[in-house]
Amino acid sequence: MAGVVERERMIEDAERARLAQADSGEFNWRGWGPYLAERAWGTVREDYSEHGTAWDYFPHDHARSRTYRWNEDGMAGVCDERQTFCFALGLWNGVDPILKERMFGLGGDGGNHGEDVKEYWWYQDSTPTHSWMRWRYHYPQARFPYDELVSVNAERGRADNEYELVDTGVFDDDRYWAVTVDYAKATPTDMCILITVANRGDQPARLHVLPTLWFRNTWSWGLPGRDQVPKITADGARLVGQHWVLGQLVLAGDGEPTPLLCDNETNTERLWGLPGRSRFPKDGINDHVVDGADTVNPAGEGTKGALHYVLDVPAGGQTQIRLRLRLTSPPPGTAPAPALDLGAGFDATVAARQLEADAFFDRLIPAAASRDEASVARQAIAGLMWGKQFYHFDVHQWLHGDPGAAPPPAGRRHGRNHAWWHMNSFDVISMPDPWEYPWYAAWDLAFHCVTIARVDPGFAKDQLLLLLREWYMHPNGQVPAYEWAFGDVNPPVHAWAALKVFEIDGGRDYDFLARVLHKLLLNFTWWVNQKDTGGNNVFEGGFLGLDNVGPFDRSAALPVAGTLEQSDGTGWMAMYALNLLDMALALAVHDPSYQDVATKFFEHFAYIAAAAYHQGLWDEDDSFFYDVLRLPDGSQVPLKVRSVVGLLPLAATTRITSATLNRLPELAARLRWFLVNKPEYAEVIGARRLAGDGRQQRLLSMVGPDQIVRLLARMLDEDEFLSPYGLRTLSRYHLDKPFTVSLGGQDFTVGYEPAESTSGLFGGNSNWRGPIWMPTNFLLISALRDYAAFFGDDLLIEYPTRSGTKQTLTAIADDLSNRLISLFTRDDWGRRAIYGACDLFQRHPDWRDLIAFPEYFHGDNGAGLGAWHQTGWTALVADLILTVRR
């Protein structure tokens, strides 16, 4: 019995042991992972056009033939953390015009609501070390309707729904392939790969499966000392790679596949009618399999290779392929390649890793969570783990061009990102969406890290520190926003996320907290110097991630002379000051010198919070915060749009307890002096009450106790922000009463739009005029819990507004969390709100439990909208489940 218990404990602790080994540097279990992007074409870093038209310069049609400069892409792909090698899946149904080597979708120039992927795949599972992973894809057996998807969407306008792959009928009668790829690590550099191909149709069918191994092209760009070319060689039913840095890499497969080899080089003849570097370029395997062309190297050598399987699968049947990818010797890797176990040892590894993953998540997810909720949480975390990507972008090199290529157009040095020449990214980073947003975004990443910390706090902390390092943060202190424009301004949520991660990790890593604080001091100073033009502690900032939430583009030149003073910008900065205060308070317990930092941010918060009232952002009659346009003559034009902009000041809150003040007498003395000598700030720092333990505590909040009740009455009103599925970004009040302002001879209007916006601001992907967004909901729920910690059960709020029922703030936070969770879980009729009216996703047993994580949600019915794999911040639903079911 003791032996059984010990074995169960070992299984339960196995993944945590791997994490500990990775964190200590003993074994690099994170070294290989799903770091291969789902899309590299159509990105800014691959764009060398004159006018920055990324989608036109490198379209999907070029991707199979053109070598990428900065990173690779593929399906179900893995690579090492430097992307020296890449492995991914290739498929062909026998009728498509091209191999399925990467996901297809429409660019910003082709979708009627911006970028939109037109494929269906799911990240079903992953441990944080990627010791176990599962990926699923549904591939039509009929010809993939590329042209139909392009032409029909081109005919549709902003008021029309997007035309999706399911709308074409290719999945009718279940004639599709369900392809599952499982990965199980035997060691950090030894992966067992199991591909399961299931024929869901009622007729026998044939599928070509091409597991593909290649080296990222680092040798074609004319860079000094970087012209050495690696090699992959066919060796029976396996491919043997040799790389001067990596060593020897072997991909072995069971059965009798045919090795096909070409070179990871651009097919210049196809694209431009020019001779190229190789007779067998990148698309050689594609042309050979699809057209029978003589485009693979008969010598069995190259830098890209595939094992070609031709599978005949009976109706309703399935076939499996076993593969093993292993680093078999260090450089130079010339020793004879050993045989790899694809038998009993392979099966034992797969079974063990799956069992250990189950034990890891069983321990993480509370027993009170339903089976459906546990599945949602696990798939959300899987999406986060699969969303890590190798991100390489040397902006200086991109601006000036490679020695072996034509110089970039002259306008490049004065155009997009020209001021970010210092940036040189070469890291694994968590991405917002692996297809639609395959580049990091600063405020997205902050939210990612909160959920990542639940499973891998070491990686979460490293991610937060990464964007503050000197090769990311601008010398002036700005944090880069995202690849399309690093100089755009994202909300300053880094400090908030760092505190959350610190707390989730047990509140012990003071070195991490200090490192973050020191860098954020630079960033806070940048905000004060750059985004408070009037020096009055009321802040601007532009769109601040909320795209078209205002009547006009808040990042562009104003339609009239003046300054746009923003309630969200001011609220973010008040929250930022409190976050830095909380960091300093935590550090001051161990190092009293941080009391100086604490007092600085205590006072700065007071100035910002009070300025919101003194400068007219708070509307006393409406009980709401609005943006204000301040004209040169000093007059003001309030922009009375009831949006999440006016709710975000609620997030600027914290508590200081008497225990903290007793430990930090200098701070206590300064606080008392401040209240005596500057009583005008008492509203934002003066509220006091006894905590549950009988100790005195003080509330610091941009929204005073009286304003909290009044503002929550708006927020929790079902005719305004409160939806059955969370909080809308714009009040439903504006459905019948749109806001219009006339400026400079033009009318600017904001109306409630619960789904995709008709506005063309920010490229058409701007949907903050009604839909439900997870990050802002999460922030406001967190704020309610902070207020609950101060008021306890003494403050009761009518919920919903006008219902006659009063509830505690904790109960309201729990209910809002449950509304968001219900977006993903089945209701009493077995339907998931995210899948709307699509019966295939709602009822089909092969589809209904595969969870997508949309970018945002319909403000009234909860249907998923936007990017379909936004398991970045939408994965916050996992944190909500862990919190309310704990």
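The second largest cavity of this predicted model has a volume of about 110 Å³. Of the 13 residues lining it, Asp73, Glu101, Arg102, Trp214 and Lys304 are the closest to its centre. Strands S3 and S10 (205-215) are the elements that give two or more residues to this lining, and S3 supplies the largest share, 3 residues. By class, the lining has 3 nonpolar, 4 polar and 6 charged residues. A cavity here is a set of points, on a 1 Å grid over the protein atoms alone, where a 1.4 Å probe fits but cannot get out, and a lining residue has an atom within 4 Å of a point. Grid points are joined across faces, edges and corners, and a volume is the space filled by probe spheres set on the points. As for the classes, Ala, Val, Leu, Ile, Met, Phe, Trp, Tyr, Cys and Pro count as nonpolar, Asp, Glu, Lys and Arg as charged, and the others, Gly among them, as polar. Helices (H or I, at least four residues) and strands (E, at least two) are DSSP runs numbered from the N terminus.

Local features in this predicted model need pLDDT of at least 70 and side-chain atom pairs count only at pLDDT 80 or more, while totals for chains, interfaces and linings use all residues. Residues are numbered from 1 along each chain as its sequence is written, and side-chain values use heavy atoms, with hydrogens and water left out.

The count comes to 7 cavities of 30 Å³ or more. About 140 Å³ of space lies in the largest one, where Val479, Asn490, Pro491, Pro492 and Trp527 are the closest to the centre among 16 lining residues. Helix H10 (442-452) and helix H13 (510-530) each give two or more residues to that lining, with H13 giving the largest share, 3 residues. This lining divides into 11 nonpolar, 4 polar and 1 charged.

Then there is the largest pocket, with a volume of about 1,100 Å³. A pocket is an open set of points with protein on both sides within 12 Å along at least five of seven lines. Leu499, Lys500, Glu503, Asp582 and Asp786 are the closest to its centre out of 41 lining residues. The elements giving two or more residues to the pocket lining include helix H12 (494-504), helix H14 (567-588) and helix H21 (774-791); H21 gives the most, 9 residues. By class, the pocket lining has 22 nonpolar, 9 polar and 10 charged residues.

Stepping back to the whole protein, the secondary structure comes to 24 helices and 35 strands. The radius of gyration is 28 Å, close to the 29 Å that the globule rule gives for 886 residues, so the protein is as compact as a globular protein of that length. That radius is taken over C-alpha atoms, and the rule is 2.2 Å times the number of residues to the power 0.38. The C-alpha trace spans about 85 × 75 × 60 Å along its principal axes. Buried residues (under 20% relative accessible area, 1.4 Å probe, protein chains only) make up 64% of the 886. Helix H11 (457-466) is mostly covered, with 9 of its 10 residues buried, among them Phe459, Lys461 and Leu464.

Among the strands, S20, S23 and S24 form an open antiparallel sheet in that order. Strand S20 (563-565) and strand S24 (636-639) are at the edges with a single partner strand each, so one side of each has no neighbour in the sheet. Strands pair if DSSP finds at least two bridges between them; S23 (627-630) and S24 have 4, and Arg630 stands opposite Gln636. Elsewhere, S26 (687-690) and S27 (696-701) also pair antiparallel over 4 bridges. Their hairpin has 5 residues between the strands, and Gly694 takes a positive phi near 85° there. On S26, Ala687 and Arg689 make the covered face, whereas Arg688 and Leu690 make the uncovered one.

Gln83, not a glycine, has a positive phi of about 45°; Gln83 is in the loop between S2 (75-80) and S3 (85-92) and is buried at 0% relative accessibility. Asn417 has a positive phi of about 65° and is buried too, at 7%. Cis peptide bonds join Pro331 to Pro332, with omega near 5°, and Tyr799 to Pro800, with omega about -10°.

Notes: Buried means under 20% relative accessible area, exposed over 50%, partly exposed in between (1.4 Å probe, protein chains only).
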